[in-house]
Amino acid sequence: METDPGHLSDRHFRSVADLVQHHAGIQLPPAKRTMVEGRLRKRMRALDLPTLEAYGHHLFEAGHLADEFPHLVDCVTTNKTDFFREPAHFDLLRTTIVPRLAARGDRPLLKVWSAAASTGAEAYTLAMVLQDMAADRFRYAILGTDISSEVLDRARTAIYPEEMLEAVPPDLRRRYVMVARDPARREGRIVPELRARVRFQRLNLMDESYPIDRDVDLVFCRNVLIYFDKPTQKAVVARLAGHLRPGGYLIVGHSESMAGVGVAGLDQMSSTVFSKLRDSGR
């Protein structure tokens, strides 16, 4: 019979919440305590600890915080992602944004950044849209970043369950998804042609600077800013804008429509789409 893992003490929960907010920007109010404890039980079991309170002691009193912190972040971050999530953004890419970027003629390579990539569905959706439009008109490269090393490992494999791939339009799925030879596996893998255009690296949006090029054409940062408080949202958006080339675009999620308001150098095109002013500098 499995031992009752119990709960984190109030002190240890506050310490976890403060740590995660400081280093990852994610707010964990008391209302999320049950969720946090449920997720941390995985780490408790992996470390062969008897209770959550023993896990708290392992973190904060036994001196293992530095080694455990990446696993803690992997556990508590939300990694909800889908192919073609908020499809209006991808329609806008096809009809307006990509044609404008490609028409400039001064860019041999379009640089695209999925700044909260999770398991890679957004980055590979971008690849499908761009590959469909590129032909001989332009080349492109996509970078996907996330704070969680675990989800980035999954993104690099580019293997997804069938139910997740159902959101990909059938014509794109036929061209860009390889079906498993064994039907019982019920999964597919993104084709090598697209995988070669996408790379992934770990990045914490709370860092004061990002090791990213400063001439990116398009940044997607959707459905992560909502977990930050307003000052943090504004600071992160300002840092992201610093990596856009003049005339580049930043797209945030529909739940984050005000995140870029008031950031110097950004012009609001719609509730979720911003462009970098051409005279705004870095």
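The points below start with the conventions and then go through strands, helices, a pocket and single residues.

1. Conventions. This is a predicted model, in which local features need pLDDT of at least 70 and side-chain atom pairs count only at pLDDT 80 or more, while totals for chains, interfaces and linings use all residues. Residues are numbered from 1 along each chain as its sequence is written, and side-chain values use heavy atoms, with hydrogens and water left out. Helices (H or I, at least four residues) and strands (E, at least two) are DSSP runs numbered from the N terminus.

2. Strand E8. Eight of the nine residues of E8 (residues 244-252) are buried, so the strand is largely enclosed by the rest of the structure. Buried here means under 20% relative accessible area, exposed means over 50%, and partly exposed is in between (1.4 Å probe, protein chains only).

3. Partners of E8. Strands count as paired if DSSP finds at least two bridges between them. E8 runs parallel to strand E7 (residues 216-221), with five bridges between the two. With strand E10 (residues 273-276), E8 pairs in the antiparallel sense over three bridges. Tyr249 of E8 takes part on both sides: Tyr249 is the bridge partner of Leu218, and Ser275 in E10 is the bridge partner of Tyr249.

4. Crossover. E7, helix H11 (residues 230-241) and E8 form a right-handed β-α-β unit. Right-handed means that, with the strands pointing away from the viewer, the path from the first strand over the helix to the second runs clockwise.

5. Ser275. This residue lies in strand E10 and counts as buried, at 12% relative accessibility. Not counting residues up to four places away in sequence, Ser275 touches Gly248, Tyr249, Gly265, Leu266, Asp267 and Met269. Contact means heavy atoms within 4.5 Å.

6. Helix H7. Where do the buried residues of H7 fall, seen down its axis? The buried residues in H7 (residues 149-157) are Val151, Leu152 and Ala155. They fall within an arc of 100°, so they line one face of the helix; the arc is that of the directions from the helix axis to the C-beta atoms. As background, an α-helix has 3.6 residues a turn, so residues three or four places apart point the same way. The buried residues of H7 pack against helix H6 (121-134) and strands E2 (139-146), E3 (159-161) and E6 (198-202). Just after H7, Ala158 takes a positive phi of about 60°.

7. Helix H4. The buried residues of H4 are Glu68, Phe69, Leu72, Val73, Asp74, Cys75 and Val76. Their cover includes H1, H2, H3 and H7.

8. Second largest pocket. A pocket is an open set of points on a 1 Å grid over the protein atoms alone, where a 1.4 Å probe fits, with protein on both sides within 12 Å along at least five of seven lines; lining residues have an atom within 4 Å of a point. The second largest pocket holds about 200 Å³ of space. Its lining has 13 residues, of which Lys111, Ala141, Leu143, Arg199 and Asp213 lie nearest the centre. Strand E1 (109-114), E2 and E6 each supply at least two lining residues, and E1 gives the largest share, four residues.

9. Val168. This residue sits in the loop between helix H8 (162-165) and helix H9 (170-176) and is buried, with a relative accessible area of 1%. Leaving out residues up to four places away in sequence, Val168 touches Phe83, Phe84, Met128 and Arg173. Val168 and Phe83 are 85 residues apart in sequence and 6.2 Å apart in space, C-alpha to C-alpha.

10. His7. Is His7 buried or exposed? His7, in the segment before helix H1 (10-24), counts as exposed at 54% relative accessibility. Leaving aside neighbours within four places in sequence, His7 is in contact with Glu37, Leu52 and Glu53.

11. Positive phi in loops. Most residues other than glycine have a negative phi. Asp48, in the loop between helix H2 (33-46) and helix H3 (52-60), has a positive phi of about 60° and is exposed, at 68% relative accessibility. Glu86, in the loop between helix H4 (65-76) and helix H5 (88-103), has a phi near 55° but is buried, with a relative accessible area of 16%.

How values were computed:
Points joined across faces, edges and corners; volume = space filled by probe spheres on them.
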